[in-house]
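Me: Hey, can you walk me through this one? I'd like to start with the helices and then look at the rings.

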Amino acid sequence: TDLTMFSAPDFDLNNDKYDVTATMTVNGYDWTVERAYFDGNEKASLNAKFKKDGKTLLSASGSLDGDVSSEEANNLNLSFDVLGEVQIKGACNDVMKLAEILEKADDNDENEGNFKSYTSQANELIDLGVYYGASTKQAYIKLEPFEEDDWGYKYWVSEPVIYFADGTSYSTFEAFFDEGSFSD
């Protein structure tokens, strides 16, 4: 942990910078945060790996540009790699607008028309795909509205859906990333 970038004895998200590297090992599993960095005025980023006996099972990275502390962040880039075989990568060029739209959708979770409209607007800001071998996009991910019923109270939620070129789709990540289907 790099503490040299603190401007005062207390945390100040507007002025401080944080830089952390950590590794935790339990029974042959290693969780490594290669770098977690935050500069409220410029950038935030994270690079992490989960390994078993030296083999990388999952790696994740993300970065966010802009003034995070005053809610003017813009470029978000995300990347997840599973066993070096499947990657989920994507970007959003206006994170604050996306957050605003998702908040409006949440505020309208009982109004089907408004909720679906906000979900559609959110999808216009997101470019997220599934890749095999890191080079060719095999599928894309969008948010889709689903109606939920909780003891007679009906409301709308957005969930990520994976769409493949052959027309198949998976409405939950668990349906695709389960033990049986994922190996295929």
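This is a predicted model: local features need pLDDT of at least 70, side-chain atom pairs count only at pLDDT 80 or more; totals for chains, interfaces and linings use all residues.

Me: OK, at what angle do H1 and H2 cross?

Reply: Roughly 165°, and the axes come within 8 Å. H1 covers residues 95-107 and H2 covers residues 112-125. Since angles over 145 degrees count as roughly antiparallel, H1 is roughly antiparallel to H2.

Me: Which residues in H1 and H2 meet?

Reply: From H1 you have Lys97, Leu98, Ile101, Leu102, Lys104, Ala105 and Asp106. They meet Phe115, Tyr118, Gln121, Ala122 and Leu125 in H2. Sorted by type, the contact has eight nonpolar residues, one polar and three charged.

Me: New topic: how many aromatic pairs are there in the whole structure?

Reply: A search finds five. One of them is Tyr140 with Tyr163, whose ring centres are 5.3 Å apart.

Me: Why is that pair called stacked?

Reply: Because the ring planes sit at 15°, and planes under 30 degrees apart count as stacked.

Me: Where do Tyr140 and Tyr163 lie?

Reply: Tyr140 is in strand E8 (residues 136-150) and Tyr163 is in strand E9 (residues 153-164). So the pair ties together parts that are 23 residues apart in sequence. Tyr140 itself is partly exposed, at 38% relative accessible area.

Me: And what kind of pair do Phe164 and Tyr170 form?

Reply: An edge-to-face one, with 85° between the planes and 5.9 Å centre to centre. Phe164 counts as buried at 17% relative accessibility, while Tyr170 counts as partly exposed at 27%.

Me: Which residues do ring pairs link into a cluster?

Reply: Tyr29, Trp31 and Phe50.

Me: Last one, Trp156. Buried or exposed?

Reply: Buried, because its relative accessible area is 11% and the cut-off for buried is under 20%. Trp156 lies in strand E9.

Me: What does Trp156 touch?

Reply: Leaving out residues up to four places away in sequence, Trp156 touches Asp109, Glu112, Phe115, Lys116, Pro145, Phe146 and Glu147. Phe115 also turns up among the H2 residues that meet H1. As for Asp109, its C-alpha atom is 4.8 Å from that of Trp156, although the two are 47 residues apart along the chain.

Definitions and conventions: Residues are numbered from 1 along each chain as its sequence is written. Side-chain values use heavy atoms; hydrogens and water are left out. Axes are lines fitted to C-alpha atoms, for helices over the stretch in contact, and angles run from 0 to 180 degrees between N-to-C directions. Helices (H or I, at least four residues) and strands (E, at least two) are DSSP runs, numbered from the N terminus. Angles under 35 degrees count as roughly parallel, over 145 as roughly antiparallel, 65 to 115 as roughly perpendicular and the rest as oblique. Contact means heavy atoms within 4.5 Å. Ala, Val, Leu, Ile, Met, Phe, Trp, Tyr, Cys and Pro count as nonpolar, Asp, Glu, Lys and Arg as charged, and the others, Gly among them, as polar. Rings of Phe, Tyr and Trp (its six-membered ring) pair if their centres lie within 6.5 Å; planes under 30 degrees apart count as stacked, over 60 as edge-to-face and the rest as tilted. Buried means under 20% relative accessible area, exposed over 50%, partly exposed in between (1.4 Å probe, protein chains only).
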